[in-house]
Each structure stands twice: as structure tokens, then as C-alpha cells.
Amino acid sequence: MSSLRIEQTGQPAEELNFEQLSALGGQIEDVSQSVPGRVGGAVRLQAILDRLQPSQELDYLTVESTDGGFSASVPLDSLREALIVYRLGNEPLPKDKGGPLRFLIPNDEGCATGGADACANVKFVGSLRLTRGPGKDTRPTTPRRHTELHENENKGSN
Ligand SMILES: Nc1nc2c(c(=O)[nH]1)N[C@H]1C(S)=C(S)[C@@H](COP(=O)(O)O)O[C@H]1N2
Ligand SMILES: [Mo]
């Protein structure tokens with residue numbers, strides 16, 4: 001069963017499985033109510049942060065796909081509303097929706113701004129990593145690379 005790995009500088013890593021994610025506070029029954037076009041049940045990133053109580057100096061969150069092929073590193077301050085979509089009904093979120101775990105920023109900035117943008121809505125999330133300063137970020141930095149990424153996505157290569 002897939003689980004969410006959580007790392008923070010100076011602390012041992014943790015894993016949260018489906019049951020543990022469901023047991024957290026900050027549940028959103030249906031993201032479609034607040035984010036048009038999206039489906040699934042989610043937990044607020046804030047609920048995970050409340051549990052971790054990270055050190056104040058950790059100011060960036062890096063969200064990485066399971067295979068490490070895609071990652072976004074965003075200032076934590078801009079992710080106060082961010083969600084981890086982890087279920088559809090009582091089942092894990094399907095792969096065609098970016099599951100089993102998908103990062104979702106409800107009020108995202110559109111693509112390729114480098115901040116809390118739509119490109120940071122990482123699919124197939126494997127880990128969240130809290131660091132001081134930015135971490136690994138593979139988001140496309142030019143319109144051309146962005147287009148190429150989506151072409152490759154459509155071919156199913158990531
Ligand atoms: N694992 C993974 N997540 C990813 C990507 C990717 O290539 N791999 N592309 C990102 C980009 S650039 C965008 S714009 C959004 C698109 O997701 P959507 O089609 O669900 O809107 O997913 C993001 N998440
Ligand atoms: Mo994007």
C-alpha cells in the first residue's frame with residue numbers, strides 16, 4: 001500500500017498511510033466544492049504540519065513524485081491552503097487523477113510562475129520534504145519546456 005513519506009531536516013522520516021491520512025483533522029470531503037474540475041477527498045497540508053510541528057526555520061516544502069522524476073519546491077507560506085488528495089470515496093485516488101496521492105493548491109497561480117503555481121500540483125506524490133531554503137525543483141522554467149513536459153505526460157512517460 002502506498003504511503004506518504006514526510007521528511008524534515010533534523011528529524012527522522014515518517015510515513016503516513018491511507019488510514020493515518022484519514023484519521024487526521026482537516027479533512028475535505030469533496031474538493032470539487034472548492035476547486036472546480038477536481039475530484040476526491042483530501043486532507044489539508046496544515047493538518048500534517050500541525051502534527052509535525054516543524055522548526056520555524058524550515059520555510060520550503062518540496063513535493064516529489066514517487067519515482068523522483070518530478071518535483072516542486074515552494075515557500076511554505078504560500079501553501080497554507082494546499083491539500084493532499086488521497087481518496088475517491090473510500091478507495092485511494094486513481095492514477096488517472098494523479099493518485100494515489102496528489103498535491104493540490106486550490107488557489108494556484110497558473111503555470112510556470114515558479115511559486116505556488118499549477119505546475120506544483122504534483123501527481124503520484126511520494127514525499128513531502130521540509131527544508132530551510134528551496135530544495136529539488138524540476139518544474140519547467142520556459143513555455144517551451146512546459147509544452148514538452150505535457151507532450152511527454154500525454155505519452156504516459158511520467
Ligand atoms: N508527477 C508529475 N506531476 C505533475 C507533472 C508531471 O509531469 N509529473 N506536471 C505538472 C504540471 S506542469 C502541471 S500544469 C499539472 C497538470 O495537471 P492537470 O492536468 O491535472 O491539471 O501537473 C503537474 N504535476
Ligand atoms: Mo504546468
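**View 1. One aromatic pair in this predicted model.** By the ring-pair rule, the count comes to 1 aromatic pair; rings of Phe, Tyr and Trp (its six-membered ring) pair if their centres lie within 6.5 Å, and planes under 30 degrees apart count as stacked, over 60 as edge-to-face and the rest as tilted. The partners are F18 and Y86, whose ring centres are 5.5 Å apart with planes at 70 degrees, so the pair is edge-to-face. Distant parts of the chain are linked here, since F18 belongs to helix α1 (residues 18-23) and Y86 to strand β7 (residues 83-88), 68 residues apart. Helices (H or I, at least four residues) and strands (E, at least two) are DSSP runs, numbered from the N terminus. F18 is buried at 15% relative accessibility, and Y86 is buried at 1%; buried means under 20% relative accessible area, exposed over 50%, and partly exposed in between (1.4 Å probe, protein chains only).

A word on conventions: this is a predicted model, in which local features need pLDDT of at least 70 and side-chain atom pairs count only at pLDDT 80 or more, while totals for chains, interfaces and linings use all residues. Residues are numbered from 1 along each chain as its sequence is written, chains are lettered from A and ligands numbered from 1 in the order in which they are written, and side-chain values use heavy atoms, with hydrogens and water left out.

**View 2. The largest nonpolar core.** This core has 32 residues, and those with the most contacts inside it are L21, L45, I48, L61, L79, F103 and L128. A nonpolar core is a set of buried Ala, Val, Leu, Ile, Met, Phe, Trp, Tyr and Cys residues joined through side-chain atoms within 4.5 Å. Two or more residues each come from β1, α1, α2, β5, β6 (71-75), β7 and β10. Helix α2 gives the most, with 5 residues. Another core, of 8 residues, lies apart from it and includes I28, V35, L83 and L104.

View 3. Leaving aside neighbours within four places in sequence, L79 is in contact (heavy atoms within 4.5 Å) with L45, L61, V74, F103, I105 and A116.

View 4. G99 and P100 are joined by a cis peptide bond, with omega about 10 degrees. P100 sits in the loop between β8 (91-92) and β9 (102-104). Q53 is a residue other than glycine with a positive phi, near 50 degrees; Q53 is found in the loop between α2 (45-52) and β5 (60-65) and is exposed at 61% relative accessibility. A112, also not a glycine, has a positive phi near 60 degrees. A112 lies in the loop between β9 and β10 (125-131) and is partly exposed at 39%.

**View 5. A lysine over a ring, and two cysteines.** K95 lies over the face of F124, at 5.0 Å from the ring centre; a charge sits over a ring if NZ of Lys or CZ of Arg is within 6 Å of the ring centre and within 35 degrees of the ring normal. C111 is partly exposed, with a relative accessible area of 39%, whereas C119 is buried at 8%. The structure holds 0 disulfides, a disulfide being a pair of cysteine sulfur atoms within 2.5 Å.
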